Amino acid sequence: MKHIGIDLGTANTIIYMKGKGIVLREPSVVAVENGGKRAVAVGREAKLMLGKTPGSIKALCPLRDGVIAEFDATSAMLRHFFKKVSGNTIFSRPKVIICIPYGVTEVERRAVEDVTLEAGAQSVALIEEPVAAAIGAGLKIADARGSMIVDIGGGTTEVAVLSYGGIVLSTSLRTAGNELDDAISAYIKKKYNVLIGDVTAETLKKNIGSAHPSFDRGVMEVRGRNLLNGLPAIINVNSAEIREAMGDGIRTIVEGIKTTLENTPPELSADIYDMGIVLAGGGALLPGLDMMVTHHTGIRTFVAKNPIDCVAHGIGRVIESGQLSDAVTFRTR
Ligand code: ADP
Ligand code: MG
């Protein structure tokens, strides 16, 4: 039977398998038929259906702001992913370590355990996400020295200060990748009277977005619907416009980091000043975000290697070491 680690994110689900590394990376999206429980498409395939499905099929993101919003859809999605990584044999029920955001309620924790077992796991252990992200980013979290990790995902940005292997304090912001996408849609609607879809907004962010003016990433042609005459529209949008659209969101993230620093005990903030701030999660890929954080905090800021995979790699290291750290709690079916 297999040991696997799961980063069950609002935007992406990533699975690490013992001895193999990352074996699955898929959007956390499920398409269900007629409000039923049966998933007609999962992951990448389902994400392509977002905003395009006929009435009888609904493509949805079953996680919201880091926690499970749709239990059955999450379970169906995980079941599908388990089959995929085990070569479609349903006989080997995996032993799972899965992450939960820091500071979730007992009910939300329980839902993650239940959904994992329901999806076919033999046992489930929980690890706190900022701890996994820090391990995955290569921080020596067992040290006495304080460190700061900022994980910018789809639904939330988690700012955490760690010391002696545990979380000293953490701030969770609802401003993250999805909100930046929404801000881009709103900007284009206001400026051009054109409505664009969520996927188009995300593509603009990834292709020509940046957080700092030193990155000019050119122009992109986008298609949407003209709100004045209802007809299809094609417009050209440039990098500076996307940066302007995301300005408030970026400022909120930087302010969240500053507030967390202000609340950090002085000895630890001195450590963070020496060691720097590490950015993880897909949002960390936005060019110039590290520069913005450095500019506003005066602290050197780095983007972790493969930031989208940080949490999964962190769980992977726990699995490979064979010893469940203090950060992990355990339940068997
Ligand atoms: P989660 O943990 O919530 O599933 P991820 O860490 O997988 O989230 O990050 C997903 C977010 O990162 C999405 O909002 C996505 O648009 C964003 N993202 C991914 N790649 C890039 C990129 N190159 N530039 C900016 N944002 C990105
Ligand atoms: Mg995440």
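## Domains 2 and 3

In this predicted model, the centres of domain 2 and domain 3, taken over C-alpha atoms, are separated by 28 Å. The contact between these two domains draws 13 residues from domain 2 and 12 residues from domain 3. According to the domain assignment, the chain is divided into domain 1 (3–129 + 311–332), domain 2 (132–175 + 249–307) and domain 3 (177–245).

## The nonpolar cores

The largest nonpolar core has 40 residues, and those with the most contacts inside it are M148, I184, I188, L204, I250, I257 and I277. Helix α7, which covers residues 239–262, gives the most to this core, contributing 8 residues. Because domain 2 (132–175 + 249–307) and domain 3 (177–245) both give residues to this core, it lies between them. A second, separate core has 30 residues, among them L63, I68, A119 and L126.

Within the largest core, I277 is one of the residues with the most contacts. Not counting residues up to four places away in sequence, I277 touches M148, V150, I257, L261, I272, V293, T297, I299, R300, T301 and F302.

Two strands pair with β11, and they are taken here in turn. Strand β17 (residues 277–280), by contrast, runs parallel to β11 and is joined to it by 4 bridges. In β17, I277 is the bridge partner of M148, and M148 is also among the residues that I277 touches.

## Two residues with positive phi

Most residues other than glycine have a negative phi, and most peptide bonds are trans. Y164, although it is not a glycine, has a positive phi of about 50 degrees. Y164 is found in the loop between β12 and β13 (166–173), where it is exposed, with a relative accessible area of 65%.

N193 is likewise not a glycine, and it has a positive phi of about 60 degrees. The loop that holds N193 runs between α5 (177–192) and β14 (194–195), and N193 is partly exposed there, with a relative accessible area of 31%.

N34 lies in the loop between β4 (30–33) and β5 (39–42), and it is exposed, with a relative accessible area of 63%. Although N34 and K58 are 24 residues apart along the chain, their C-alpha atoms are separated by 7.6 Å.

S86 is found in the loop between α2 (71–85) and β9 (95–100). S86 has a relative accessible area of 12%, so it counts as buried, the cut-off for that term being under 20%. Leaving aside its neighbours within four places in sequence, S86 is in contact with K2 and S92. From S86 to A134 the distance is 28 Å, C-alpha to C-alpha, and these two residues are 48 residues apart in sequence.

## The chain as a whole

The secondary structure of the chain comes to 10 helices and 19 strands. The radius of gyration of the chain is 20 Å, close to the 20 Å that the globule rule gives for 333 residues, so the chain is as compact as a globular protein of that length. Taken along the principal axes, the C-alpha atoms fill a box of roughly 60 × 55 × 30 Å.

Of the 333 residues of the chain, 50% count as buried. Among the contacts with a separation of 6 or more, 60% are accounted for by residues 24 or more positions apart. The accessible surface of the chain comes to about 15600 Å², and 50% of that surface belongs to carbon and sulfur atoms.

Notes:
Residues numbered from 1 in each chain as written. Chains lettered and ligands numbered in written order. Predicted model: local features only at pLDDT ≥ 70, side-chain atom pairs only at ≥ 80, totals over all residues. Heavy atoms only, no water. Core = buried A, V, L, I, M, F, W, Y, C linked by side-chain atoms within 4.5 Å. Buried < 20%, exposed > 50% of the residue type's maximum accessible area, 1.4 Å probe, protein only. Domains from an automatic or database assignment. Contact = heavy atoms within 4.5 Å. Rg over C-alpha atoms; globule rule 2.2 N^0.38 Å. Areas by Shrake-Rupley, 256 points an atom, 1.4 Å probe, with all protein chains shown as cover. Pairing = 2+ DSSP bridges.
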